[in-house]
Amino acid sequence: MADPRPTKLEAYRSEAVARDYDQRWAGLIGTKRDARKAKALERALACLEGHCGESAASLLDIPCGTGRFSRLWDDRNLHVFGADLALPMLHEAREKYPDSTYLAADMVKLPLADASVDVTICIRFMHLVRDPDLRVRFLKELRRVSRMGVILDYRHGHTLRVWGRHLRYRVGMREGKPANPTPRQVRAEIDKAGFKRLDWIAVHRAPLLSDKVLIPVVQADSPPTKS
Ligand SMILES: C[S@@+](CC[C@H](N)C(=O)[O-])C[C@H]1O[C@@H](n2cnc3c(N)ncnc32)[C@H](O)[C@@H]1O
């Protein structure tokens, strides 16, 4: 199968980009955005654990980037595996969180056995992969290695901002057509990869203002919620 690698993702192989990456979460607005995502992540993890009736012991963060969320798992006795394709990003993560296990890995084919981690998180990635078939291929690989489930981060197209972009595109004020999938397309991709959705967690309090959503998913044939 052709592998249309998104050029945007190649940028992270630069040492300068990796060094400056965390600046995005600095300052008042950045810190607030980071905290909102962290809160939604905790909610998504609780949802997965509630569904499985057990606490996760290991967590794969792919792509881990500079380890943005590692501090969240510090108090939970979770063993964290951080995986990323870009060595400079892994280097930054290791500097900050030396206790995690790191692997340089391509999400297309992970060097991990089936069901070898409890939970996987995949944050700030899918929206950079413009090809829906490639997204499904990545999703299937995440499903293969995750025993309990996966937390997916998507950016969908049903927001005022994306509708504004469509409008600008139609009147010729924007070059590229917005690529955000609709919520329906997101759900179809997730189903196609063999997952069942447990929730749809808007990261922002006002969902129409923000396209970000976290989706905890489990294997499609996973038994119903244990109580
Ligand atoms: C926008 S960053 C997100 C990092 C982190 N999840 C976060 O929330 O900050 C995207 C990351 O994807 C990594 N990446 C790109 N292609 C990849 C692939 N095929 N497999 C694994 N990681 C990849 C890049 O190196 C980069 O670190």
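Two strands are said to pair if DSSP finds at least two bridges between them. Helices (H or I, at least four residues) and strands (E, at least two) are DSSP runs, numbered from the N terminus. In β4, Thr120 is the bridge partner of Leu60.

This is a predicted model, in which local features need pLDDT of at least 70 and side-chain atom pairs count only at pLDDT 80 or more, while totals for chains, interfaces and linings use all residues. Residues are numbered from 1 along each chain as its sequence is written.

The protein contains eight helices and eight strands.

| Strand pair | Sense | Bridges | Bridge partners |
|---|---|---|---|
| β1 and β4 (residues 117-122) | parallel | three bridges | Leu60 and Thr120 |

Of the 227 residues of the protein, 36% count as buried (20 or more other C-beta atoms within 10 Å of a residue's own, with C-beta atoms placed from the backbone). In helix α5 (residues 87-96), the buried residues are Met89, Leu90, Glu92 and Ala93. Viewed down the axis of α5, these residues fall within an arc of 160° (taken from the directions from the helix axis to the C-beta atoms), so they line one face of the helix. They pack against α2 (15-20), α4 (70-73), β2 (79-84) and β3 (101-104), where contact requires C-beta atoms, placed from the backbone, to lie within 7 Å.

The C-alpha atoms of the protein fill a box of roughly 50 × 45 × 40 Å along the principal axes.

Conventions
A residue is buried if 20 or more other C-beta atoms lie within 10 Å of its own, exposed if 12 or fewer, and partly exposed in between; C-beta atoms are placed from the backbone. Two residues are in contact if their C-beta atoms, placed from the backbone, lie within 7 Å.
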